[in-house]
Amino acid sequence: MKRNVGILIFDNAEVLDFAGPFEVFSVSSEIHNHELFNVFCVAKNLEPVSAVNGLSVNPQYSFENAPKIDILIIAGGEGTKKLIQDKDVLSWLKKTHKETELTLSICSGSRLLGVLGELDNKPYCTHHQVYENMKEIVPTGKPQESKRFVNAGKIYTSGGISAGIDLSFHIVNMLHGEKVADRTAEYMEYDSVNY
């Protein structure tokens, strides 16, 4: 089954939070006859997004026209501070998460899952500078500060920035096996994989 991987992007999203997973999932599919994943970025609307440090990114879909998402990836970054107040974003996330096979947050993307109540009484990871804020957002959550990523049902959360790449490899391995994940890592010359 070819899965749709939708990555939520927004102004002041951390670049590697979305670009890292985008690369892992799209490369794994590319080198396996484009059969594994259809990877795309989604934003509130189709206007260019200005990520951290000014990288301009064009989302492929908006909330209105995005296809069904099997694997939802929520990027992190300074922009999450604003997003947790955005009712349209939270409503779309809540609806989309209900229909996903897996939902992943990278770095401070955990704030959005926290505000939605999806991390209540659950283990989670985030960027090392965000744990204090997360303890306010999710007082019943169980921070896992020593881990790169952690699973809580169909939700996976990762630590900061580069940890999202490790989590993405873990998901590829889980869904398609170690040979596929290893071949992808070899192609990307990424040798610090911990599935």
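The dialogue below treats the sheet, the helices and the nonpolar core of this predicted model.

Q: What is the strand order of the open sheet of 7 strands, and which strands stand at its edges?

A: The order is E5-E2-E1-E6-E7-E11-E10, and the pairing is mixed. Strand E5 (61-62) and strand E10 (149-152) stand at the edges; each has a single partner strand, so one side of each is left without a neighbour in the sheet.

Q: How many bridges join strand E1 to strand E2, and in which sense do these strands run, parallel or antiparallel?

A: Strand E1 (residues 3-8) and strand E2 (residues 37-43) run parallel and are joined by 6 bridges. Within this pair, Val5 has Val39 of E2 as its bridge partner. Helix H1 (residues 15-30) packs on the sheet, where it touches E1, E2 and strand E6 (71-74), and its direction makes about 155° with that of E2.

Q: Which residues touch the most other members of the largest nonpolar core?

A: In soluble globular proteins, nonpolar side chains tend to be buried together. The largest nonpolar core here has 59 residues, of which Leu8, Phe25, Ile71 and Leu93 touch the most other members. Strand E2 supplies the largest share of this core, 6 residues. Setting aside residues up to four places away in sequence, the contacts of Leu8 include Val42, Phe63, Ile73, Trp92 and Leu112.

Q: Where do the buried residues of helix H7 pack, and which exposed residues does the face turned away from its buried side carry?

A: An α-helix has 3.6 residues a turn, so residues three or four places apart point the same way. In helix H7 (residues 178-188), the residues Val180, Ala181, Thr184 and Ala185 are buried. They cover an arc of only 130° around the axis, which puts them on the same side of H7. The buried residues of H7 pack against H1 and H6, whereas the face turned away from the buried side carries the exposed residues Lys179, Glu186 and Tyr187. After H7 comes Glu189, with a positive phi near 55°.

Definitions and conventions
Residues numbered from 1 in each chain as written. Predicted model: local features only at pLDDT ≥ 70, side-chain atom pairs only at ≥ 80, totals over all residues. Heavy atoms only, no water. Pairing = 2+ DSSP bridges. Helix = DSSP H or I, 4+ residues; strand = E, 2+ residues; numbered from the N terminus. Contact = heavy atoms within 4.5 Å. Axes fitted to C-alpha atoms, helices over the stretch in contact; angles between N-to-C directions. Core = buried A, V, L, I, M, F, W, Y, C linked by side-chain atoms within 4.5 Å. Buried < 20%, exposed > 50% of the residue type's maximum accessible area, 1.4 Å probe, protein only. Arc of directions from axis to C-beta.
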